Amino acid sequence: MFKKILAALDRSEIGQQVFEEALDLAKLTQASLMLVHVLSPEEEGSPYLPMLSNFDYYPGLSSQNFELYQKQWDAFKNEGIKMLQSFCAQANTAGVTTEFTQNIGNPGRIICDLAHSYGADLIVMGRRGRSGLAELFLGSVSNYVLHHGPCSVHVVHLLVTPKKDEVVKETTSTLIVN
């Protein structure tokens, strides 16, 4: 059924669930697995680019801000690689041929381009649950991939439902075939 599965991961709450579902599908169909993490300023936990002005009140402050940003960005990249290495090791231990890549750029486009070049039969990814104005202005990576992906897309949803005085997180998934 599936020979190559691409799992698009990030460090949000749903990333672990996306990996587990992709791994289960790969084991079930004896497919190989490609893990991808896209470095993007839109990702939760990414460092903020310091604001630069033309008029510098304090000489050297702008360069200090940029150096701090660069250190934060390097740490952000390293955390992404560590996450991918950990997931890759788990998959290899489970007997699934797995590789990974980390790219910088627009997540939707990179996921679609990588799925095409990898020859993926299936993309497994999460959905943040943006809707309304947030989705209109910020866009939706899963929506982009659903409409531009070269293969079937399995979207893992994270639903937040209030239960009494606490918030309980529940996962569901949907398989959408092009």
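Leaving aside its neighbours within four places in sequence, which residues is Thr 29 in contact with? The partners are Met 1, Phe 2 and Ile 5. Keep in mind as you explore that this is a predicted model.

**The overall picture**
- The protein has 178 residues, and buried residues make up 37% of them.
- You can find 5 helices and 6 strands in the protein.
- If you read along the sequence, these elements follow the pattern β-α-β-α-β-α-β-α-α-β-β.
- Among contacts with a separation of 6 or more, 71% are between residues 24 or more positions apart.

**Helix α1 and what follows**
- Thr 29 lies in helix α1, which covers residues 15–29.
- Thr 29 counts as buried because its relative accessible area is 17%, and the cut-off for buried is under 20%.
- Lys 27 is also found in helix α1.
- With a relative accessible area of 42%, Lys 27 is partly exposed.
- Setting aside neighbours within four places in sequence, Lys 27 is in contact with Ala 94 and Val 96.
- Lys 27 and Ala 94 are 67 residues apart in sequence, yet their C-alpha atoms are 7.9 Å apart in space.
- Gln 30 sits in the loop between α1 and β2, the latter being residues 32–39.
- Gln 30 is exposed, since its relative accessible area is 73% and exposed means over 50%.
- Look at the backbone of Gln 30 too: its phi is positive, about 55°, although Gln 30 is not a glycine.

**Where two helices cross**
- Helix α3 (residues 107–118) and helix α5 (residues 141–148) have axes that come within 8 Å and cross at roughly 35°.
- The crossing of α3 and α5 is right-handed.
- On the α3 side, the contact is made by Pro 107, Gly 108, Arg 109, Ile 111 and Cys 112.
- On the α5 side, Val 141, Tyr 144, Val 145 and His 148 take part.
- What kinds of residues make up the contact of α3 with α5? They divide into 6 nonpolar, 2 polar and 1 charged.

Methods: Residues numbered from 1 in each chain as written. Predicted model: local features only at pLDDT ≥ 70, side-chain atom pairs only at ≥ 80, totals over all residues. Heavy atoms only, no water. Helix = DSSP H or I, 4+ residues; strand = E, 2+ residues; numbered from the N terminus. Buried < 20%, exposed > 50% of the residue type's maximum accessible area, 1.4 Å probe, protein only. Contact = heavy atoms within 4.5 Å. Axes fitted to C-alpha atoms, helices over the stretch in contact; angles between N-to-C directions. Left-handed = near helix turned anticlockwise from the far one by under 90°. Nonpolar A, V, L, I, M, F, W, Y, C, P; charged D, E, K, R; others polar.
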